[in-house]
Amino acid sequence: MLANLQKYRIVLGSNSPRRKELLAGLDLEFDVEVIPGIDESYPDTLPFEDIPLYIARKKAEAYLEKMSDNELLITADTIVATYDRVLGKPADRDEAIEILGYLSGHVHEVVTGVCLSTKKKTVSFSVASAVCFAKLEEEDIIYYVDKYRPFDKAGSYGIQEWIGYIGVEAINGSFYNVMGLPVQRLYQELKKF
C-alpha cells in the first residue's frame with residue numbers, strides 16, 4: 001500500500017501516544033521525532049477552525065532545516081472549541097474539572113489540522129467533528145480527572161477513555177479525528193502525495 005511513499009522516510013513529529021497508535025493503524029513504517037518547546041501560540045484574531053492548521057504548520061516549520069531530502073514529515077494539532085471558547089490542554093486538575101463541566105450537556109467541535117511536508121512540498125488540511133456530550137455528574141467528572149489525568153488532552157478528555165464511553169452521545173464526523181488524527185483523510189492525502 002502507498003507505494004508512492006516508498007522513496008520517503010516517514011517521520012511523525014508528535015509525542016502523542018494516540019497519534020502514534022492511529023498512524024500505525026495505517027500500516028506505515030515511520031519514526032517519531034520530537035522537537036521540544038515548539039511555540040504553539042496563535043494570533044487572537046484567528047478563527048477557531050484555523051488554529052490547529054496554523055499550529056501544525058508552525059510545528060512543520062520547526063523541523064524544516066533538520067529534514068533530509070528523502071523525509072516526509074507529518075505534524076498535527078487538535079483543539080476543542082465551543083461557540084465562544086477554545087479549550088486547550090488544562091493547566092491542572094481544577095481546570096480539567098472546570099472544562100469538562102463546561103462541555104457537559106453541550107455540543108462542541110474538535111478540529112485537527114495536519115501538515116505533510118518534505119523539503120520541496122507541503123500539503124495541509126483540517127478536519128472538524130461535532131461531539132455531543134451528555135450531562136455529566138460532577139462525581140463522574142472528578143473520578144475521570146483523578147483516575148485518567150487528562151492534562152495532555154485538548155478539552156480535558158480522551159474519547160477513547162472512560163469518559164468517552166459514558167459521556168459521548170453522538171459524533172458528527174470522524175471518531176479518529178476526535179482522538180487526534182483524522183486517519184481516513186490522512187490516508188487519502190498520502191495516496192495523492
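Reply: Begin with the surface. A nonpolar patch joins nonpolar side chains within 5 Å, taken from residues with over 30% relative accessible area and no salt bridge. Keep in mind that this is a predicted model.

Me: Which residues make a nonpolar surface patch here?

Reply: Tyr42, Tyr54 and Val86 make one of about 220 Å². Of these, Tyr54 belongs to helix α2, residues 51-64.

Me: Is Tyr54 buried, partly exposed or exposed?

Reply: Buried means under 20% relative accessible area and exposed means over 50%. Tyr54 has 32%, so it counts as partly exposed.

Me: What about the inside?

Reply: In soluble globular proteins, nonpolar side chains tend to be buried together. In this model the largest nonpolar core has 43 residues, and Leu5, Tyr157 and Leu186 touch the most other members. Helix α3 (residues 93-103) gives the most to this core, with five residues. A separate core has eight residues, including Val11, Ile38, Met67 and Cys115.

Me: Which residues does Leu5 contact, leaving aside neighbours within four places in sequence?

Reply: Leu5 is in contact with Ile10, Leu28, Leu72, Leu190 and Phe193.

Me: Is His108 buried or exposed?

Reply: The cut-off for buried is under 20%. His108 has a relative accessible area of 2%, so it is buried. His108 sits in strand β5, residues 107-117.

Me: What joins the side chains of His108 and Tyr157?

Reply: A polar contact of 2.7 Å. Leaving aside neighbours within four places in sequence, the residues in contact with His108 include Val80, Leu103, Phe133 and Tyr157. Tyr157 is also among the core members that touch the most others.

Methods:
Residues are numbered from 1 along each chain as its sequence is written. This is a predicted model: local features need pLDDT of at least 70, side-chain atom pairs count only at pLDDT 80 or more; totals for chains, interfaces and linings use all residues. Side-chain values use heavy atoms; hydrogens and water are left out. A nonpolar core is a set of buried Ala, Val, Leu, Ile, Met, Phe, Trp, Tyr and Cys residues joined through side-chain atoms within 4.5 Å. Buried means under 20% relative accessible area, exposed over 50%, partly exposed in between (1.4 Å probe, protein chains only). Helices (H or I, at least four residues) and strands (E, at least two) are DSSP runs, numbered from the N terminus. Contact means heavy atoms within 4.5 Å. Patches are made of residues with over 30% relative accessible area and no salt bridge: like charges are joined within 9 Å, nonpolar side chains (Val, Leu, Ile, Met, Phe, Trp, Tyr) within 5 Å. Accessible areas come from the Shrake-Rupley method with a 1.4 Å probe; for residues, only the protein chains shown count as cover. A salt bridge is a side-chain nitrogen of Lys or Arg within 4 Å of a carboxyl oxygen of Asp or Glu. A polar contact is a pair of N or O atoms within 3.5 Å; within protein, one must be able to donate a hydrogen and the other to accept it, and residues adjacent in sequence count only if both atoms are side-chain atoms.
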